[in-house]
Amino acid sequence: MTKASFPVFGLILAGGTSSRMRRDKATLEYLGKSQLDRAFELMSRHVPKTFVSVRADQAADSRRAQRPLLLDSVGGGGPIVGIRSALAAYPEAAWLVIACDLPFLSDAVLAHLMSARDAAQMATAYRSARDGLPEPLCAIWEPAAAAALQVFQAGGRSCPRQFLIETRAKLLEPLDPRALDNINTPEEYVEALKSLESPSAPRRLQIKIQYYALLREQAGRSEESLDTAAPTPALLYAEIKARHGFSLGREQLKVAVNGEFSDWERTLAAGDSVVFIPPVAGG
Amino acid sequence: MTRLRFVAAPIDTDTARRELQDAGAGGYVSFEGWVRDHNEGLAVTRLEYEAFVDLAVKEGERILDEAMRRFPIKHALCMHRIGALAIGELAVWVGVSAAHRGEAFEACRYIIDEVKHRVPIWKKEHYANGDSGWVNCDRCAAAPRHSDHDDHEHACAKGHAQTSHK
(Lines give C-alpha, C1' and ligand atoms only; values in the text may rest on other atoms or scores of the structure.)
Protein backbone atom coordinates (compact mmCIF):
# COMPACT_ATOMS: atom_id res chain seq x y z
CA MET A 1 0.00 0.00 0.00
CA THR A 2 1.31 3.42 -0.90
CA LYS A 3 1.43 5.87 1.91
CA ALA A 4 -1.65 8.07 1.72
CA SER A 5 -0.74 11.65 0.99
CA PHE A 6 -4.20 13.28 0.99
CA PRO A 7 -6.80 13.10 3.73
CA VAL A 8 -9.95 11.17 2.92
CA PHE A 9 -13.30 12.94 3.23
CA GLY A 10 -16.67 11.23 2.98
CA LEU A 11 -19.29 11.86 0.32
CA ILE A 12 -22.81 10.49 0.46
CA LEU A 13 -24.48 10.57 -2.93
CA ALA A 14 -28.08 11.60 -2.38
CA GLY A 15 -28.85 13.63 -5.46
CA GLY A 16 -30.57 10.94 -7.46
CA THR A 17 -34.02 11.40 -8.90
CA SER A 18 -35.32 8.15 -7.35
CA SER A 19 -37.49 7.72 -10.46
CA ARG A 20 -37.94 3.98 -10.12
CA MET A 21 -38.69 4.20 -6.41
CA ARG A 22 -41.35 6.86 -7.01
CA ARG A 23 -40.39 8.53 -3.72
CA ASP A 24 -37.21 10.20 -2.43
CA LYS A 25 -34.82 7.35 -1.67
CA ALA A 26 -32.93 9.32 0.94
CA THR A 27 -36.01 9.26 3.17
CA LEU A 28 -36.55 5.49 3.07
CA GLU A 29 -36.26 4.15 6.59
CA TYR A 30 -34.63 1.03 7.98
CA LEU A 31 -34.86 0.15 11.65
CA GLY A 32 -36.34 3.57 12.37
CA LYS A 33 -33.66 5.62 10.64
CA SER A 34 -33.60 7.19 7.20
CA GLN A 35 -31.17 5.83 4.63
CA LEU A 36 -29.44 9.15 4.51
CA ASP A 37 -28.96 9.29 8.29
CA ARG A 38 -27.72 5.71 8.38
CA ALA A 39 -25.23 6.35 5.59
CA PHE A 40 -24.05 9.60 7.16
CA GLU A 41 -23.49 8.05 10.58
CA LEU A 42 -21.71 5.06 9.08
CA MET A 43 -19.42 7.28 7.02
CA SER A 44 -18.67 9.58 9.94
CA ARG A 45 -17.13 6.67 11.83
CA HIS A 46 -14.42 6.34 9.15
CA VAL A 47 -13.48 9.81 7.95
CA PRO A 48 -12.97 13.18 9.66
CA LYS A 49 -15.44 15.11 7.44
CA THR A 50 -18.56 13.93 5.68
CA PHE A 51 -20.68 15.76 3.10
CA VAL A 52 -23.94 15.00 1.39
CA SER A 53 -23.81 15.43 -2.37
CA VAL A 54 -26.97 17.06 -3.72
CA ARG A 55 -28.25 18.85 -6.78
CA ALA A 56 -28.45 22.60 -6.38
CA ASP A 57 -32.24 22.44 -6.33
CA GLN A 58 -32.20 20.04 -3.36
CA ALA A 59 -30.17 22.30 -1.10
CA ALA A 60 -33.21 23.61 0.74
CA ASP A 61 -34.67 20.15 1.33
CA SER A 62 -35.01 19.81 5.09
CA ARG A 63 -33.85 16.16 5.21
CA ARG A 64 -30.62 17.07 3.55
CA ALA A 65 -30.06 20.57 4.83
CA GLN A 66 -29.27 19.30 8.35
CA ARG A 67 -25.97 17.93 7.02
CA PRO A 68 -22.94 19.60 5.44
CA LEU A 69 -23.84 19.77 1.77
CA LEU A 70 -21.75 19.65 -1.35
CA LEU A 71 -23.69 21.07 -4.27
CA ASP A 72 -23.21 19.93 -7.83
CA SER A 73 -20.88 22.37 -9.52
CA VAL A 74 -20.37 20.69 -12.87
CA GLY A 75 -22.89 19.95 -15.57
CA GLY A 76 -24.31 16.67 -16.68
CA GLY A 77 -26.17 13.97 -14.85
CA GLY A 78 -25.57 10.88 -12.75
CA PRO A 79 -23.15 10.15 -9.94
CA ILE A 80 -20.12 11.34 -11.91
CA VAL A 81 -21.36 14.88 -11.29
CA GLY A 82 -21.30 14.48 -7.51
CA ILE A 83 -17.86 12.86 -7.56
CA ARG A 84 -16.40 15.54 -9.83
CA SER A 85 -17.97 18.32 -7.77
CA ALA A 86 -16.39 16.97 -4.59
CA LEU A 87 -12.95 16.61 -6.19
CA ALA A 88 -13.28 20.18 -7.46
CA ALA A 89 -14.40 21.59 -4.12
CA TYR A 90 -11.46 20.12 -2.15
CA PRO A 91 -8.63 19.38 -4.59
CA GLU A 92 -6.36 18.35 -1.69
CA ALA A 93 -8.64 15.57 -0.51
CA ALA A 94 -9.44 12.06 -1.62
CA TRP A 95 -13.08 11.03 -1.31
CA LEU A 96 -14.65 7.94 0.11
CA VAL A 97 -17.82 8.00 -1.97
CA ILE A 98 -20.88 5.92 -1.15
CA ALA A 99 -24.39 5.91 -2.52
CA CYS A 100 -27.02 6.51 0.13
CA ASP A 101 -29.07 3.51 -0.96
CA LEU A 102 -26.82 0.69 0.23
CA PRO A 103 -28.67 -0.64 3.28
CA PHE A 104 -26.30 -3.57 3.82
CA LEU A 105 -23.11 -1.52 3.83
CA SER A 106 -21.16 -2.09 7.08
CA ASP A 107 -18.29 -0.64 9.08
CA ALA A 108 -16.14 -3.63 8.19
CA VAL A 109 -16.61 -3.00 4.46
CA LEU A 110 -15.62 0.67 4.75
CA ALA A 111 -12.75 -0.09 7.13
CA HIS A 112 -11.32 -2.69 4.78
CA LEU A 113 -11.56 -0.27 1.86
CA MET A 114 -9.80 2.46 3.85
CA SER A 115 -6.99 0.19 4.97
CA ALA A 116 -6.49 -1.16 1.44
CA ARG A 117 -6.44 2.32 -0.13
CA ASP A 118 -3.72 2.86 -2.72
CA ALA A 119 -3.28 6.61 -3.10
CA ALA A 120 -1.08 6.12 -6.17
CA GLN A 121 -4.07 4.87 -8.17
CA MET A 122 -7.00 6.94 -9.43
CA ALA A 123 -9.29 5.02 -7.11
CA THR A 124 -9.60 2.07 -4.74
CA ALA A 125 -12.81 0.12 -5.20
CA TYR A 126 -14.45 -3.23 -4.63
CA ARG A 127 -15.23 -5.64 -7.39
CA SER A 128 -18.90 -6.45 -7.70
CA ALA A 129 -19.85 -9.79 -6.16
CA ARG A 130 -22.15 -10.27 -9.16
CA ASP A 131 -19.97 -9.59 -12.20
CA GLY A 132 -16.48 -8.78 -10.91
CA LEU A 133 -16.58 -5.26 -12.36
CA PRO A 134 -15.59 -2.24 -10.25
CA GLU A 135 -18.17 -0.72 -7.90
CA PRO A 136 -17.76 3.07 -8.24
CA LEU A 137 -20.26 4.00 -5.55
CA CYS A 138 -18.41 2.51 -2.62
CA ALA A 139 -14.90 3.59 -3.55
CA ILE A 140 -12.10 5.99 -2.69
CA TRP A 141 -11.51 8.55 -5.42
CA GLU A 142 -8.07 10.19 -5.42
CA PRO A 143 -7.43 13.82 -6.45
CA ALA A 144 -5.65 12.56 -9.57
CA ALA A 145 -8.99 11.32 -10.89
CA ALA A 146 -10.37 14.87 -11.20
CA ALA A 147 -8.73 15.74 -14.50
CA ALA A 148 -9.26 12.27 -15.96
CA LEU A 149 -12.96 12.36 -15.10
CA GLN A 150 -13.28 15.73 -16.76
CA VAL A 151 -11.78 14.37 -19.99
CA PHE A 152 -13.97 11.27 -19.72
CA GLN A 153 -17.12 13.34 -19.34
CA ALA A 154 -16.06 15.79 -22.05
CA GLY A 155 -15.92 12.77 -24.37
CA GLY A 156 -19.63 12.39 -23.87
CA ARG A 157 -19.47 9.61 -21.30
CA SER A 158 -20.80 9.56 -17.74
CA CYS A 159 -20.63 6.02 -16.34
CA PRO A 160 -18.14 5.98 -13.44
CA ARG A 161 -18.00 2.20 -13.55
CA GLN A 162 -16.81 2.37 -17.16
CA PHE A 163 -14.25 4.94 -16.07
CA LEU A 164 -12.87 2.59 -13.40
CA ILE A 165 -12.72 -0.27 -15.90
CA GLU A 166 -10.52 1.82 -18.19
CA THR A 167 -8.34 3.54 -15.63
CA ARG A 168 -5.73 2.73 -13.02
CA ALA A 169 -7.74 1.58 -10.04
CA LYS A 170 -6.96 -0.79 -7.22
CA LEU A 171 -9.73 -3.37 -7.08
CA LEU A 172 -10.56 -5.41 -4.00
CA GLU A 173 -12.39 -8.69 -3.74
CA PRO A 174 -15.81 -8.30 -2.07
CA LEU A 175 -15.79 -8.67 1.71
CA ASP A 176 -19.51 -9.40 1.96
CA PRO A 177 -21.39 -10.40 -1.23
CA ARG A 178 -24.45 -8.28 -0.63
CA ALA A 179 -22.81 -5.26 1.03
CA LEU A 180 -23.11 -3.19 -2.13
CA ASP A 181 -26.60 -4.24 -3.19
CA ASN A 182 -28.53 -1.07 -3.88
CA ILE A 183 -32.22 -0.52 -3.61
CA ASN A 184 -34.03 0.98 -6.60
CA THR A 185 -37.60 -0.22 -6.55
CA PRO A 186 -40.37 -0.49 -3.95
CA GLU A 187 -40.08 -4.29 -4.25
CA GLU A 188 -36.35 -4.24 -3.48
CA TYR A 189 -37.04 -1.94 -0.54
CA VAL A 190 -39.56 -4.36 0.94
CA GLU A 191 -37.08 -7.23 0.55
CA ALA A 192 -34.28 -5.25 2.18
CA LEU A 193 -36.54 -4.23 5.05
CA LYS A 194 -37.50 -7.84 5.71
CA SER A 195 -33.90 -8.90 5.61
CA LEU A 196 -32.62 -6.14 7.90
CA GLU A 197 -35.42 -6.48 10.41
CA SER A 198 -35.41 -10.26 10.54
CA PRO A 199 -33.53 -12.07 13.29
CA SER A 200 -31.02 -13.34 10.73
CA ALA A 201 -29.96 -9.78 9.94
CA PRO A 202 -26.21 -9.15 10.28
CA ARG A 203 -25.60 -9.15 14.00
CA ARG A 204 -24.31 -6.07 15.71
CA LEU A 205 -22.38 -6.71 18.87
CA GLN A 206 -21.34 -4.64 21.82
CA ILE A 207 -17.62 -5.36 22.24
CA LYS A 208 -15.23 -3.96 24.82
CA ILE A 209 -11.72 -3.21 23.57
CA GLN A 210 -8.73 -2.44 25.78
CA TYR A 211 -5.64 -0.76 24.38
CA TYR A 212 -2.06 -1.02 25.58
CA ALA A 213 1.24 0.64 24.75
CA LEU A 214 1.49 2.04 21.20
CA LEU A 215 -2.14 1.23 20.39
CA ARG A 216 -3.30 3.01 23.56
CA GLU A 217 -1.37 6.11 22.56
CA GLN A 218 -2.60 6.06 18.96
CA ALA A 219 -6.21 5.46 20.01
CA GLY A 220 -5.94 8.17 22.65
CA ARG A 221 -7.72 5.96 25.19
CA SER A 222 -7.13 2.78 27.15
CA GLU A 223 -10.51 1.24 26.41
CA GLU A 224 -13.73 1.71 24.54
CA SER A 225 -17.02 -0.02 24.06
CA LEU A 226 -17.94 -0.51 20.44
CA ASP A 227 -21.12 -1.39 18.61
CA THR A 228 -19.80 -3.39 15.68
CA ALA A 229 -20.89 -5.73 12.91
CA ALA A 230 -17.41 -7.27 12.74
CA PRO A 231 -17.89 -10.98 13.39
CA THR A 232 -14.23 -11.80 14.10
CA PRO A 233 -11.20 -10.17 15.77
CA ALA A 234 -9.61 -9.90 12.30
CA LEU A 235 -12.44 -7.75 10.93
CA LEU A 236 -12.74 -5.85 14.19
CA TYR A 237 -9.08 -4.86 13.90
CA ALA A 238 -9.61 -3.77 10.28
CA GLU A 239 -12.43 -1.53 11.50
CA ILE A 240 -10.59 0.13 14.40
CA LYS A 241 -7.26 0.31 12.57
CA ALA A 242 -8.91 2.57 10.01
CA ARG A 243 -10.75 4.59 12.63
CA HIS A 244 -7.77 5.23 14.90
CA GLY A 245 -5.06 5.26 12.24
CA PHE A 246 -3.06 2.48 13.89
CA SER A 247 0.40 2.06 12.36
CA LEU A 248 0.73 -1.63 13.24
CA GLY A 249 -0.55 -4.19 10.78
CA ARG A 250 -2.53 -7.18 11.96
CA GLU A 251 0.35 -9.52 11.13
CA GLN A 252 2.42 -7.81 13.83
CA LEU A 253 -0.17 -8.35 16.54
CA LYS A 254 -1.65 -11.10 18.61
CA VAL A 255 -5.16 -10.95 19.92
CA ALA A 256 -6.73 -11.93 23.24
CA VAL A 257 -10.44 -12.43 23.86
CA ASN A 258 -11.73 -12.49 27.43
CA GLY A 259 -8.24 -12.58 28.92
CA GLU A 260 -6.81 -15.42 26.84
CA PHE A 261 -4.92 -15.59 23.54
CA SER A 262 -7.32 -16.19 20.67
CA ASP A 263 -7.51 -17.11 17.02
CA TRP A 264 -8.11 -14.17 14.64
CA GLU A 265 -11.07 -15.95 13.06
CA ARG A 266 -12.91 -16.77 16.28
CA THR A 267 -16.59 -15.75 16.23
CA LEU A 268 -17.10 -12.85 18.60
CA ALA A 269 -20.01 -12.83 21.03
CA ALA A 270 -21.81 -9.88 22.58
CA GLY A 271 -19.95 -8.56 25.60
CA ASP A 272 -16.59 -10.05 24.63
CA SER A 273 -13.53 -8.18 25.81
CA VAL A 274 -10.85 -7.90 23.15
CA VAL A 275 -7.20 -6.86 23.47
CA PHE A 276 -4.92 -6.41 20.48
CA ILE A 277 -1.37 -7.17 21.58
CA PRO A 278 1.48 -5.23 19.96
CA PRO A 279 4.96 -6.80 19.80
CA VAL A 280 6.01 -7.39 23.39
CA ALA A 281 9.24 -6.26 25.06
CA GLY A 282 9.48 -7.48 28.62
CA GLY A 283 12.69 -7.65 30.60
CA MET B 1 0.26 -16.66 44.80
CA THR B 2 1.35 -16.59 41.19
CA ARG B 3 4.99 -17.12 40.28
CA LEU B 4 5.14 -14.21 37.82
CA ARG B 5 4.40 -11.03 39.72
CA PHE B 6 4.19 -7.40 38.73
CA VAL B 7 5.31 -4.79 41.17
CA ALA B 8 5.18 -1.01 41.00
CA ALA B 9 7.80 -0.54 43.75
CA PRO B 10 11.45 -1.66 43.72
CA ILE B 11 11.76 -5.45 43.68
CA ASP B 12 12.73 -6.88 47.07
CA THR B 13 15.12 -9.57 45.93
CA ASP B 14 15.98 -10.75 49.45
CA THR B 15 12.37 -11.61 50.22
CA ALA B 16 11.87 -13.17 46.79
CA ARG B 17 15.02 -15.27 47.21
CA ARG B 18 13.79 -16.62 50.56
CA GLU B 19 10.73 -18.11 48.82
CA LEU B 20 13.07 -20.34 46.83
CA GLN B 21 14.84 -21.85 49.83
CA ASP B 22 14.54 -25.58 50.11
CA ALA B 23 16.46 -28.13 52.16
CA GLY B 24 16.90 -30.19 49.00
CA ALA B 25 18.34 -27.32 46.97
CA GLY B 26 22.08 -27.20 46.51
CA GLY B 27 22.13 -24.08 44.40
CA TYR B 28 20.30 -20.93 43.47
CA VAL B 29 20.63 -18.89 40.27
CA SER B 30 19.17 -15.49 39.70
CA PHE B 31 19.02 -13.15 36.76
CA GLU B 32 18.60 -9.41 37.06
CA GLY B 33 17.60 -7.23 34.14
CA TRP B 34 18.73 -3.64 34.65
CA VAL B 35 17.74 -0.44 32.89
CA ARG B 36 20.61 0.34 30.54
CA ASP B 37 21.52 3.84 29.36
CA HIS B 38 21.54 3.01 25.65
CA ASN B 39 19.74 0.89 23.09
CA GLU B 40 20.39 0.48 19.38
CA GLY B 41 22.69 3.47 19.27
CA LEU B 42 20.47 5.86 21.20
CA ALA B 43 21.11 7.25 24.68
CA VAL B 44 18.25 6.17 26.93
CA THR B 45 17.29 8.34 29.90
CA ARG B 46 14.42 6.35 31.42
CA LEU B 47 11.91 3.58 30.72
CA GLU B 48 8.26 2.85 31.27
CA TYR B 49 6.81 -0.64 31.50
CA GLU B 50 3.19 -1.47 30.92
CA ALA B 51 1.55 -4.90 31.14
CA PHE B 52 -1.75 -6.53 30.25
CA VAL B 53 -1.67 -8.01 33.72
CA ASP B 54 -4.55 -10.53 33.47
CA LEU B 55 -3.04 -12.35 30.53
CA ALA B 56 0.59 -11.68 31.51
CA VAL B 57 0.12 -13.49 34.81
CA LYS B 58 -1.51 -16.47 33.07
CA GLU B 59 1.21 -16.68 30.42
CA GLY B 60 3.89 -16.28 33.11
CA GLU B 61 2.40 -19.13 35.08
CA ARG B 62 2.50 -21.32 31.98
CA ILE B 63 6.18 -20.47 31.43
CA LEU B 64 7.06 -21.33 35.03
CA ASP B 65 5.09 -24.58 34.76
CA GLU B 66 7.05 -25.43 31.62
CA ALA B 67 10.33 -24.70 33.40
CA MET B 68 9.34 -26.96 36.31
CA ARG B 69 8.50 -29.77 33.87
CA ARG B 70 11.57 -29.39 31.66
CA PHE B 71 14.19 -29.06 34.37
CA PRO B 72 14.48 -30.87 37.69
CA ILE B 73 14.35 -27.70 39.80
CA LYS B 74 12.86 -26.99 43.22
CA HIS B 75 11.34 -23.54 42.92
CA ALA B 76 11.21 -20.66 40.47
CA LEU B 77 9.92 -17.11 40.62
CA CYS B 78 9.87 -14.07 38.35
CA MET B 79 9.25 -10.46 39.41
CA HIS B 80 8.72 -7.69 36.86
CA ARG B 81 8.50 -3.97 37.46
CA ILE B 82 5.81 -1.84 35.85
CA GLY B 83 5.67 1.94 35.67
CA ALA B 84 8.53 4.41 35.31
CA LEU B 85 12.12 3.27 35.90
CA ALA B 86 15.42 5.16 36.01
CA ILE B 87 18.77 4.05 34.60
CA GLY B 88 20.31 1.32 36.73
CA GLU B 89 17.07 0.19 38.31
CA LEU B 90 16.14 -3.46 38.49
CA ALA B 91 13.45 -4.15 35.87
CA VAL B 92 13.09 -7.91 36.06
CA TRP B 93 14.28 -10.61 38.42
CA VAL B 94 14.22 -14.38 37.93
CA GLY B 95 15.26 -16.81 40.65
CA VAL B 96 15.56 -20.59 40.51
CA SER B 97 16.63 -23.11 43.13
CA ALA B 98 17.58 -26.70 42.32
CA ALA B 99 19.49 -29.67 43.67
CA HIS B 100 22.30 -28.97 41.19
CA ARG B 101 23.52 -25.77 39.58
CA GLY B 102 23.31 -26.94 35.95
CA GLU B 103 19.54 -27.14 35.81
CA ALA B 104 19.19 -23.95 37.86
CA PHE B 105 21.19 -22.04 35.21
CA GLU B 106 19.26 -23.61 32.35
CA ALA B 107 15.85 -23.04 33.89
CA CYS B 108 16.68 -19.43 34.74
CA ARG B 109 17.76 -18.79 31.16
CA TYR B 110 14.62 -20.49 29.83
CA ILE B 111 12.32 -18.41 32.02
CA ILE B 112 13.80 -15.01 31.17
CA ASP B 113 13.91 -15.80 27.44
CA GLU B 114 10.30 -16.95 27.35
CA VAL B 115 9.07 -14.05 29.48
CA LYS B 116 10.69 -11.56 27.14
CA HIS B 117 9.12 -13.09 24.05
CA ARG B 118 5.68 -14.25 25.17
CA VAL B 119 4.36 -12.20 28.05
CA PRO B 120 2.33 -9.08 27.15
CA ILE B 121 4.64 -6.47 28.64
CA TRP B 122 5.67 -3.37 26.74
CA LYS B 123 8.63 -1.08 27.22
CA LYS B 124 8.73 2.55 26.24
CA GLU B 125 12.18 4.11 26.01
CA HIS B 126 12.76 7.82 26.50
CA TYR B 127 15.86 9.05 24.72
CA ALA B 128 18.34 11.81 25.48
CA ASN B 129 17.39 13.50 22.19
CA GLY B 130 13.82 13.98 23.43
CA ASP B 131 12.27 11.18 21.38
CA SER B 132 10.59 8.16 22.80
CA GLY B 133 9.44 4.88 21.39
CA TRP B 134 7.85 1.53 22.18
CA VAL B 135 10.51 -1.14 21.79
CA ASN B 136 9.74 -3.54 18.91
CA CYS B 137 6.77 -1.39 17.87
CA ASP B 138 7.82 2.02 16.64
CA ARG B 139 11.14 1.74 14.88
CA CYS B 140 10.61 -1.90 14.07
CA ALA B 141 7.02 -1.53 12.89
CA ALA B 142 7.97 -2.22 9.29
CA ALA B 143 10.59 -4.84 10.07
CA PRO B 144 10.08 -8.51 10.82
CA ARG B 145 9.56 -9.54 14.42
CA HIS B 146 12.70 -9.49 16.52
CA SER B 147 14.69 -12.65 16.39
CA ASP B 148 14.77 -15.18 19.13
CA HIS B 149 18.34 -14.55 20.08
CA ASP B 150 18.39 -11.51 22.22
CA ASP B 151 20.89 -8.88 21.28
CA HIS B 152 19.62 -5.93 23.23
CA GLU B 153 19.40 -7.20 26.69
CA HIS B 154 19.93 -4.30 29.06
CA ALA B 155 20.96 -6.60 31.76
CA CYS B 156 23.75 -8.18 33.61
CA ALA B 157 23.58 -11.84 34.43
CA LYS B 158 24.32 -12.58 38.01
CA GLY B 159 24.85 -16.24 38.66
CA HIS B 160 25.00 -16.94 42.37
CA ALA B 161 25.77 -20.57 41.97
CA GLN B 162 26.23 -21.53 45.56
CA THR B 163 28.57 -24.39 45.89
CA SER B 164 26.85 -27.63 46.37
CA HIS B 165 28.25 -29.61 49.26
CA LYS B 166 27.55 -33.00 48.03
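Modeller: Let's begin with R161(A), which counts as partly exposed at 22% relative accessibility (under 20% is buried, over 50% exposed, and partly exposed lies in between, with a 1.4 Å probe and protein chains only). This is a predicted model, in which local features need pLDDT of at least 70 and side-chain atom pairs count only at pLDDT 80 or more, while totals for chains, interfaces and linings use all residues. Residues are numbered from 1 along each chain as its sequence is written, chains are lettered from A and ligands numbered from 1 in the order written, and side-chain values use heavy atoms, leaving out hydrogens and water.

The partner of R161(A) in a salt bridge is E135(A), with the closest N and O atoms 3.6 Å apart (the rule asks for a side-chain nitrogen of Lys or Arg within 4 Å of a carboxyl oxygen of Asp or Glu). E135(A) sits in strand β8 of chain A and R161(A) in helix α6, so the pair ties together parts that are 26 residues apart in sequence (helices, H or I of at least four residues, and strands, E of at least two, are DSSP runs numbered from the N terminus). E135(A) itself is buried, at 16% relative accessible area.

Now for a pair inside one helix. R243(A) and E239(A) meet in a salt bridge at 3.1 Å, N to O. They are four residues apart in helix α9 of chain A, which means that about one helical turn separates them. Here R243(A) is partly exposed, with 26% relative accessible area, whereas E239(A) is buried at 0%.

Another pair, R62(B) in helix α2 of chain B and E260(A) in strand β13 of chain A, joins two chains. R62(B) is partly exposed at 30%, and E260(A) is partly exposed at 26%. Salt bridges that share partners link E260(A), E59(B), R62(B), E66(B), E114(B) and R118(B) into one network. For R62(B) and E260(A), the N to O distance is 2.9 Å.
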